[in-house]
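This briefing is meant for a reader who is new to the structure shown below. Please look over the sequence and the model before turning to the notes that follow.

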Amino acid sequence: MGRKEMARLIAILFLAIVMTVTLIRMQRSGDLPPLPGRQVQPQAEDPLREGQRRCQRMGEAAANDADCLAIWAETRDRFLGRTPEPAPSATTTTDKGR
């Protein structure tokens, strides 16, 4: 390799290192503008998420809590894409003895 090629290679490596260090410093200091597709949008409060956090804080006691069991069932159904089944009502039963 000649001196010209070696000088070019060293110059390219030096510029790449300088650019990388500059980008890292700009990112850490917050000088970089946000990327177009990566803007974080505020999300609406999800009562299911709040219930999950409450059950998580309860620890093992949540396994015996009816509200936590319902929250976990809803979470599982939402994850699996299931639609919740309607609860059976008392008016659908018939009284055959009378």
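Cys55 and Cys68 are joined in a disulfide (a pair of cysteine sulfur atoms within 2.5 Å), with their sulfur atoms 2.1 Å apart. The model is a predicted one, in which local features need pLDDT of at least 70 and side-chain atom pairs count only at pLDDT 80 or more, while totals for chains, interfaces and linings use all residues. Residues are numbered from 1 along each chain as its sequence is written, and side-chain values use heavy atoms, with hydrogens and water left out.

**The disulfide**
- By the distance rule, the count comes to one disulfide, and the pair links distant parts of the chain, with Cys55 in helix H2 and Cys68 in helix H3, 13 residues apart.
- The link of Cys55 and Cys68 is left-handed, with -105 degrees about the S-S bond.
- Both Cys55 and Cys68 are buried, where buried means under 20% relative accessible area, exposed over 50% and partly exposed in between, with a 1.4 Å probe and protein chains only.

**The chain as a whole**
- The protein chain has three helices and zero strands, helices being DSSP runs of H or I with at least four residues and strands runs of E with at least two, numbered from the N terminus.
- Buried residues make up 7% of the 98 residues in the protein chain.

**The packing of H2 and H3**
- Helix H2, which covers residues 47–58, packs against helix H3, residues 66–80, at an angle of about 130 degrees and with the axes 10 Å apart; the axes are lines fitted to C-alpha atoms over the stretch in contact, and angles run from 0 to 180 degrees between N-to-C directions.
- H2 and H3 are therefore oblique to each other, since angles under 35 degrees count as roughly parallel, over 145 as roughly antiparallel, 65 to 115 as roughly perpendicular and the rest as oblique.
- Among the residues of H2 that meet H3 are Leu48, Cys55 and Met58, while the H3 side includes Cys68, Trp72 and Arg78; contact here means heavy atoms within 4.5 Å.

**Arg78**
- Arg78 has its place in helix H3 and is partly exposed, with a relative accessible area of 48%.
- Not counting residues up to four places away in sequence, Arg78 touches Asp46 and Leu48.
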